[in-house]
Amino acid sequence: MSLSQLARTIRESATLKLNETAALLREKGEPVIHLGGGEPKSKTPIDAVINCSAVLNTGEIRYTPPDGIPALKKAIVRYTEEHYQKLVSAKNVIASGGAKQALMVLLHVILDPKEEVIFPAPYWVSYPEMIKLAGGIPVPITAEDGTFCPSFDEIVAAVGSYTKAIILNSPNNPSGAMYSRDFIREMVEFCEKKSLYLIMDDIYNRLVFDAKTAPICYEFTKAPIEESKLVVINGVSKSYAMTGFRIGWAIGNKQLVAAMATIQSQQTSGPASPSQWAAVGALNGVQSCVESLRVTLENNRNVMMDRLRAFTGVKVTKPDGTFYCFPDFSAYMKNSQELSRFLLDKVRVVTVPGKEFGFEGHLRLSYCGTIRDITEGLDRIKWALDPNSANELFLGERKLVREWL
Ligand SMILES: Cc1ncc(COP(=O)(O)O)c(C=O)c1O
């Protein structure tokens, strides 16, 4: 088959592939524990369900404006005022098929061939592929000191004449690390001075722990939005546990947003109408679901941290937010893909190799499932790797004895 050059250079999403593998094993009756997931397990907020059902019941599900229905844009404007203390107009907002599409359309709008986009490593698996899809060159930056947050100087050192944009994702997938206020301030000021796009991927910014709050980028700029190259990406997927609805958005200057709407209109004609109404329900409805999810995730994180700390040889940094942590397992196996495969084969635990996030030796473990998933998943991993763990392990009905180590 003759596929395009582009198709041959783009890798499939490792995380979506793992979901598929886990589902196939489960279908075969294998007692799989999925610590590789990227979605909270709470139910869709009731106001989203009501709004969505109401529109479905009319039987009149039609095209919408390509950049989103006015009610959704209005809800996003209000959300931005409440959570970012920033007044924007509907013309600064585009609703897309998930934060992913908002980001993808944005990259199409800003990148010319071979222009570079800088982002810190570890990074969300999709950034490099999305940048390549838009014709650009991904430039991941790893901190010299081995931490999850490269310094301002390290990022700035990578900026050259081809640099078009910088993406920051805080709190971060996969590490859960949140960048400091000072770092965000420096980045906002630097990008403004150099006229670079600064893309804030804020998809996890409400899922933050230990009474911390995510810094708000708008705090550090006085530039009117119409003169600004600061773009905020967010959506309902994570905070409202609405991954399946596929609604995200971007906030930027009018000209940029209009160009994004044009591209989106040619790609998909805009997000699905029932999903948009569901998002309106979520954003305008009772908000306790977000806090309740945040509290659950904080508790889950604590349980996961306790288990990991009792693990000989694993180095773990406490996540500030998200529902991921990113421990260093290199004392056991340096190659994270082999380690992840080994854990799936031996003890049926799904993890995501750090290599996919540009950070070898680590595994991404999710704590968005149940406490049982976390404790049993980590017990199994411990049994598979840590010589100080119990000798026997039950995998469903099967009893495993540590002979093969
Ligand atoms: C950092 C980051 N940005 C964006 C997205 C995309 O979110 P959505 O499901 O709204 O497309 C994800 C999803 O995993 C993510 O982790």
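**Second largest pocket**

I started with helix α11 (residues 288-309), which gives three residues to the lining of the second largest pocket, the most of any contributor. The model I am reading is a predicted one. I looked up the volume next: the second largest pocket holds about 340 Å³ of space. I count 15 lining residues there, and those closest to the centre are Asn 205, Arg 206, Lys 212, Thr 213 and Ala 214. Sorted by class, I get six nonpolar, three polar and six charged residues in this lining.

Where does the second largest pocket lie relative to domain 1 and domain 2? I find that domain 1 (5-43 + 288-401) and domain 2 (61-284) both contribute lining residues, so the second largest pocket lies between them.

**Largest pocket**

I then turned to the largest pocket, with about 540 Å³ of space. Its lining has 23 residues, and I note Leu 16, Gly 38, Lys 100, Trp 124 and Lys 238 as the closest to the centre. Two or more lining residues come from each of the elements α2 (14-27) and α5 (98-110). Of these, α2 supplies three residues, the largest share of the lining. By class I have six nonpolar, 11 polar and six charged residues for the largest pocket. I checked the domains here as well: domain 1 (5-43 + 288-401) and domain 2 (61-284) both give residues to the lining, so the largest pocket also lies between them.

**Strand β8**

Is strand β8 buried or exposed? I find five of its five residues (247-251) buried, so the strand is largely enclosed by the rest of the structure. I sorted the side directions next. Ile 247, Trp 249 and Ile 251 point one way from β8, while Gly 248 and Ala 250 point the other way, and all of them are buried.

Which strands pair with β8? I find β2 paired with β8 in the antiparallel sense over five bridges. In that pairing I looked up Ala 95, whose bridge partner in β8 is Trp 249. The strand β7 also pairs with β8 in the antiparallel sense, over four bridges.

**Backbone exceptions**

I went through the backbone angles last. Most residues other than glycine have a negative phi, and most peptide bonds are trans. I kept the entries that depart from this.

Which peptide bonds are cis? I have the bond from Ala 121 to Pro 122 as cis, with omega near 0 degrees. I place Pro 122 in the loop between β3 (116-121) and α6 (126-133). The bond from Ser 170 to Pro 171 is also cis, and I read its omega as near -5 degrees. I place Pro 171 in the loop between β5 (163-169) and α8 (181-194).

For positive phi I looked up Gln 85, which is not a glycine but has a phi of about 45 degrees. Gln 85 is in the loop between α4 (70-84) and β2 (93-97). I list Gln 85 as exposed because its relative accessible area is 59%, and the cut-off for exposed is over 50%.

I also noted Asp 210, again not a glycine, with a positive phi near 60 degrees. Asp 210 lies in the loop between β6 (197-201) and β7 (230-235). I list Asp 210 as partly exposed because its relative accessibility is 31%.

Note on methods. Residues numbered from 1 in each chain as written. Predicted model: local features only at pLDDT ≥ 70, side-chain atom pairs only at ≥ 80, totals over all residues. Heavy atoms only, no water. Buried < 20%, exposed > 50% of the residue type's maximum accessible area, 1.4 Å probe, protein only. Pairing = 2+ DSSP bridges. 1 Å grid on protein atoms, 1.4 Å probe; cavity = no way out; pocket = protein on both sides within 12 Å on 5 of 7 lines; lining within 4 Å. Points joined across faces, edges and corners; volume = space filled by probe spheres on them. Nonpolar A, V, L, I, M, F, W, Y, C, P; charged D, E, K, R; others polar. Domains from an automatic or database assignment.
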